[in-house]
Amino acid sequence: MAKKKIQVKIKNKHLPRMFKKKGKPPGTIMYVGQREGMTSTLQVLEYSHEEVKEEVHPTLDHLSRKLEPGKNLWIDVIGISDEGFIEQLGKEFKLNSLILEDAVNTHQRPKIDEYEEYIFSVFKMLYLNADQQLVVEHLALILFQDRVLVLQELKEDVFNGVRERIRNKSGRIRSRGADYLFFALIDAVVDSYLEVVEHAFQKIELLEEEVYNNPKHDTAHSIQEIKKEVIRLHKWIFPVKELVHRLIETENPLVTKDTKLFLRDALDHCIEVNENLQIYREMSISLMEMYMSNMSNKMNEVMKVLTIMASIFIPLTFIAGIYGMNFNRMPELQWEYGYYAVLGLMLAILIIMLVYFKRKGWL
Amino acid sequence: MAKKKIQVKIKNKHLPRMFKKKGKPPGTIMYVGQREGMTSTLQVLEYSHEEVKEEVHPTLDHLSRKLEPGKNLWIDVIGISDEGFIEQLGKEFKLNSLILEDAVNTHQRPKIDEYEEYIFSVFKMLYLNADQQLVVEHLALILFQDRVLVLQELKEDVFNGVRERIRNKSGRIRSRGADYLFFALIDAVVDSYLEVVEHAFQKIELLEEEVYNNPKHDTAHSIQEIKKEVIRLHKWIFPVKELVHRLIETENPLVTKDTKLFLRDALDHCIEVNENLQIYREMSISLMEMYMSNMSNKMNEVMKVLTIMASIFIPLTFIAGIYGMNFNRMPELQWEYGYYAVLGLMLAILIIMLVYFKRKGWL
Amino acid sequence: MAKKKIQVKIKNKHLPRMFKKKGKPPGTIMYVGQREGMTSTLQVLEYSHEEVKEEVHPTLDHLSRKLEPGKNLWIDVIGISDEGFIEQLGKEFKLNSLILEDAVNTHQRPKIDEYEEYIFSVFKMLYLNADQQLVVEHLALILFQDRVLVLQELKEDVFNGVRERIRNKSGRIRSRGADYLFFALIDAVVDSYLEVVEHAFQKIELLEEEVYNNPKHDTAHSIQEIKKEVIRLHKWIFPVKELVHRLIETENPLVTKDTKLFLRDALDHCIEVNENLQIYREMSISLMEMYMSNMSNKMNEVMKVLTIMASIFIPLTFIAGIYGMNFNRMPELQWEYGYYAVLGLMLAILIIMLVYFKRKGWL
Amino acid sequence: MAKKKIQVKIKNKHLPRMFKKKGKPPGTIMYVGQREGMTSTLQVLEYSHEEVKEEVHPTLDHLSRKLEPGKNLWIDVIGISDEGFIEQLGKEFKLNSLILEDAVNTHQRPKIDEYEEYIFSVFKMLYLNADQQLVVEHLALILFQDRVLVLQELKEDVFNGVRERIRNKSGRIRSRGADYLFFALIDAVVDSYLEVVEHAFQKIELLEEEVYNNPKHDTAHSIQEIKKEVIRLHKWIFPVKELVHRLIETENPLVTKDTKLFLRDALDHCIEVNENLQIYREMSISLMEMYMSNMSNKMNEVMKVLTIMASIFIPLTFIAGIYGMNFNRMPELQWEYGYYAVLGLMLAILIIMLVYFKRKGWL
Amino acid sequence: MAKKKIQVKIKNKHLPRMFKKKGKPPGTIMYVGQREGMTSTLQVLEYSHEEVKEEVHPTLDHLSRKLEPGKNLWIDVIGISDEGFIEQLGKEFKLNSLILEDAVNTHQRPKIDEYEEYIFSVFKMLYLNADQQLVVEHLALILFQDRVLVLQELKEDVFNGVRERIRNKSGRIRSRGADYLFFALIDAVVDSYLEVVEHAFQKIELLEEEVYNNPKHDTAHSIQEIKKEVIRLHKWIFPVKELVHRLIETENPLVTKDTKLFLRDALDHCIEVNENLQIYREMSISLMEMYMSNMSNKMNEVMKVLTIMASIFIPLTFIAGIYGMNFNRMPELQWEYGYYAVLGLMLAILIIMLVYFKRKGWL
């Protein structure tokens, strides 16, 4: 059996940065995503029940200063491709190098790591941009006693609602600790999953309509694309359920009992999203089945047209062929109404065939 | 590979209310279902072994009053889209805001939460309305020491049997506590699952008959619809099994040992429903297979008709064509019985072909 | 997308009795099977190592009398649709109303419930009747200290072997307690599963032969029927494994250690039956695949016949058509051997085509 | 829907002996396999580090005699259909009747039972005979303190390697206890699984080649056969993994810690065999897919030939038909080069069609 | 049913060495791979924070010498088919014979075994060679207190990065113990899995493009090949996750807490690789579906061409046939413009048919 070898040379220019990391010792801080060359900027929100203060471009040492009791700090690092800055940040907050590695490694799957001084977590932020395109943004959240450090790839995020609630004096979030902010951010991330998954669902419903009413050659391809999207969403979203569950179960004093009550709510949403994803997956598999069945129906229709045309006209042509023969003695040819008789015969055959196909339900 | 992008703009007017909730803090009481704008009304049944009293439109503070021993209260809130009223209710019964949120959030999956003062549970009530259409109604049940608070979306429900049993003096339910009422309501919900699932089964059986006897173009679509319905039923019904199990295992004093014995019965029904759903799911998958196999059989039949017609008449036409040629010297044309000989030859070929197809089993 | 609504009105006359039970309080004794209107009759076997006594139609109070040590009672209630009698029976043996409900509820799935005074279990008895039709009979077994109460729907059962062993003085069963009888009955039920499952297997093998040698239009339907039968058998048989396992693990003094040793044997059989069912299920799925592949092969054959006939005769007919044209100047027509030359050409084409198809492997 | 009833009468002559056992009490020693009527013969190997002694046809009481320390006995019973002999054997070794039942019951699935005096296990021995046919042989191994009792159906087995190692003075097995022999026999059985599974793999590879190069009508059938073989192998081999694991975990003093170290090795092989079986199963499923895809490809090819022939010659025949019409006034017929013009037109059409099909990639 | 027997004689020359091992006692050191006849060579790296020393071809006893504190030894044995050498090595390091057996048994699945003096592990090293072909190399790693013994089949490996880091004075690896080296080697192996799996992914993407744009006859075969490759990768890679997890959980003092922190990182990568493999598996299954759907589309296209050509020209030919009949009285033939009328009629039919097919969407 002559097997066909599929040779794939990984060309250097297409080489994902991931492979460049190969052979590097663990703990190497290296951004491997596609949003390179961005300078990291800082956004800081300092808030307590009484007041809110927003700072842009603060100095790093200012960020790790001791806070007055009741005050919380939300430090937002935007742009994580500047490895030097990240290293500096790590020193300031006394972060483990393995943690920094995960914080900027966009291939890192969702995880949560607990340390004595902080809880570290990595997620994927999923949202639709202005063009309704899915954006996948790497996100690291680090919860300290009285501050939350956020590292995100882009300026866009899903946290505007949380920001508003902090700016608004009456928001419950103002009078609670950093762990509540940490939860609120996770909650916002999980909420965005709901939206993204519903968006996928709407695409599936559109495709379902297309399959049913007007399947085209590339419909099958669209179905495969949506199937892959659902699989990818599952990969990013599924582990989050387990992580939130672990946050609820943790005995780490950084997470208060009150906040755990709210985390239970986020867990419910995670389960809901995962259940829906599972259903959408089955729906997209059914779509392909449906498409194949429609193709089969169409083929049936094509074959019926061919069969009807051929079955009617081939016998008639044969009859015409007979009386087109040039034998010297063919008595019918001399009959006065022979021609009309043959036309009548043909008509009779035509009617019989039509009735037959009608009965078969092919017409 | 030019991939086709499926662009889906979520238009504002089609925006489910669910998305409006995005960015709101947790604990926000917001009805997100489609039965908006209904005023909440109250129905109250106060009963003891001796007497039953029905109240409509009582005041809220009356509902949370202290009861004489042996008396139970069934408070039924119909219509949950009036968030103001729900909030008031929550205050009266000292309910957590997260609970109120779940009680009116129609996207909430079935859950059970135990607190010191009450047990809170959310279910989906599934039943067939007068038009035999499936109705999915969000339902929250809250068990207190001596009363059960029910929140339901519509006036229709599956609790009429329970109401009758309370009104009837001899009913066991009259002499038992609120936890028995709580169980009786859950039991009624689970019983309605049985009915709804059997209804789905009857649709599957009808479809099976249609597939077998008279598959039509949209039969495949109906099969996919029933498959989706079974998946959806599974989503609503499956978690209930676990919830009832947890009620049996609970050490909460609100649920007495006696009632747990009955809950075991409800658990049996849950398992039964889930097993049946699983079987119906496999049956609906088989249906699609069956449909495809029937389509294939039909195609075979179409192809056979075409092949028989073409295989018989094409050679005959060819023979007629030969004697329609205009060569000067074609001795057969001059033969006296040439024409009849050719007709005989054609008849012979026809018979041979028919015998051949008969043997093939195509006729 | 205009969806087709499948409307199913559950008509009253077809309403299974199960639905009539809806709204009834739990513990309502109600037979919901299809073998209604039978009077319950009693068969009693009283035996000890020394003697056996068979009674028919004893009075109920006689059944619950105290027995001499070493004596066991096997009480067989045949016909369970007479709810009044069942209620009486329940009172006599002090049985819980929930148990009586399960004993006559033919929709009850296999279960085992342990109480202080007795162990209650429900099974399905599966056997082939004289016409080799599968009979599904609801069966309840209740083990007391020195007697076993059996409730069965029909006079037919799978216990004749056990009866013979009791009547036979040398049988081990005579010198053992009621728990051994309980086990022997369960063992007989499990043995009958083996037979029924093997019967299904033989049907699968027959179908396999049919698919391979002579697939017909309704073969697909038979395959689906056998698939459904295997699924249904699985539903009835699968839970029994767990039940027997629980009997082995129980610490209830009603079941002696000796009998548990034998139960282990019955457990082995349960596992065996379930494994076989699993294999037969996969075989029935393969059958459908096989059938589709055969259909596909048949279609291929049909298409080949059509293609061969058309490919040979269409070009020949075309040639005949050419020389049937009426142009004034067609030199070939005047050639002395033109006709024979054309016939030769046609023969050559025929041979070339045949060789071509032979090489393709189509002939 | 007129359902087709598949009636299967189990005829007496085809009745497997298994059914004859129905109704018999548990513990009935009855051989139910197909190798009936064989006299049981005995082969005994007595060995210590110093010497080996082989006995054939020893008396039974000699087998259960007390051995000198350091001596081990391997007692091999060949032929297990002689129930009387087995019963005698059981008495001599004080074996439980349930154990004897399992030892000769060829339907018994692999199991291990620990008793105080001995460990009893049942396996399937799988090997290829001289004709490369798979032989399935029932095997029971019973480990005592200083002897191993083996019951096998046939003289052929997979233990010749072990026998050689015992006869060979330098073999480690000579200086170890009976438990090491017990392990060595299990190891030999597991090794034979490896061989049988690899043999199945080679059949799959041959079929794969057949599917790829030359799929025939019965290739689908062969694929189904191999799928069934893999399922059957799985049934026999899969439980062994668990059994070996239990031997490793046992606290029974009959199995020494040293031997457990070796058992771990056998466990590795079991896992390996099961993993491979799983892979071969998936490969055989892929084979069917591949076969269907090839059938589909072939159909495509057939259709292309038909379409090309018909699409080229039907239009040409039509043109010839036009000039075969007998109208009085058809000016082309009078043209001097009319005939040649038409031939040229036909040639042009032919070329256009060929170019079209070439572009479509159908030629 | 005449079943086709697939006879497979395992010929001696093709007999894998694996079968030669059959019947050998456990603990037999035997290389069963395909890289036979290689002499084993040694490469040794001795390093401490201060210095690095590389030795080639040292004597064996030198390798097991006592080291100064702070020094570590990396002993690399290249070529494992020389059983004599391996046995010597085992004696020098006091290794169990079962361990040596696994170290050279290329059929051994990934495993980890802990002993008091050392931790033994077997992996598969997977990498792409210069020709981008997948190389599967058996690898055994043995961790002692202050040295790591590596056994590999070929000179090529994935450890060059680790070697560089040791040679480089500033590398963290220099100042850490042998357990860190052990981890670094495992990490390098796991990293190579990432690369190999991504390579498989690229092949899948290429095939996806081929399926979508230009499916060929052997595309189906390539898809099956990639499916098998993914299954094989899964077999080699999947168990590693569990092994790394066990290393993290071990209480063996050979693995320090610091190193476990890094192992957690390697575990993350293992999970990532396995998740990706799972996704690629589903993608390759979808590929086959896609291919079948494209085949079906192509068939549809072929059928449409045939149907259009036949449906247009068969009726036209019939009309021509009518006027080719030789009846004496056919008035149309005498009409002056009969010919043109017929041509007009034909044109009208042609147009009607084209419009019909256009509307059907077949043109």
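**View 1. Burial of R109(E) and its salt bridge to chain D.** In this predicted model, R109(E) has a relative accessibility of 17% and therefore counts as buried. Its side chain meets that of E275(D) in a salt bridge, with an N to O distance of 2.5 Å. The pair crosses between chains: R109(E) belongs to the loop between α4 (97-104) and β4 (111-114) of chain E, whereas E275(D) lies in helix α8 (residues 257-322) of chain D.

**View 2. A salt bridge between E208(C) and K228(D).** The closest N and O atoms of the two residues are 2.8 Å apart. Because E208(C) is part of helix α6 (residues 178-213) of chain C and K228(D) part of helix α7 (residues 219-249) of chain D, the pair joins two chains. E208(C) counts as buried at 11% relative accessibility, and K228(D) is buried with a relative accessible area of 11%.

**View 3. A salt bridge within chain D, between R163(D) and D76(D).** The closest N and O atoms are 2.8 Å apart. R163(D) in helix α5 (residues 160-167) and D76(D) in strand β3 (residues 72-78) are 87 residues apart, and the pair links distant parts of the chain. Both residues are buried.

**View 4. The open sheet of chain C.** Seven strands follow the order β2-β1-β3-β7-β6-β5-β4, with mixed pairing. The strands β2 (52-56) and β4 (111-114) each have a single partner strand, so one side of each is left without a neighbour in the sheet. Strand β4(C) runs antiparallel to β5 (residues 119-128) of chain C and is joined to it by 4 bridges; K111(C) stands opposite V122(C) in β5(C). Helix α7 (residues 219-249) of chain C lies across β4, β5 and β6 (134-143), at about 145° to β5(C).

Notes:
Residues are numbered from 1 along each chain as its sequence is written. Chains are lettered from A and ligands numbered from 1 in the order in which they are written. This is a predicted model: local features need pLDDT of at least 70, side-chain atom pairs count only at pLDDT 80 or more; totals for chains, interfaces and linings use all residues. Side-chain values use heavy atoms; hydrogens and water are left out. Two strands pair if DSSP finds at least two bridges between them. Contact means heavy atoms within 4.5 Å. Axes are lines fitted to C-alpha atoms, for helices over the stretch in contact, and angles run from 0 to 180 degrees between N-to-C directions. A salt bridge is a side-chain nitrogen of Lys or Arg within 4 Å of a carboxyl oxygen of Asp or Glu. Buried means under 20% relative accessible area, exposed over 50%, partly exposed in between (1.4 Å probe, protein chains only).
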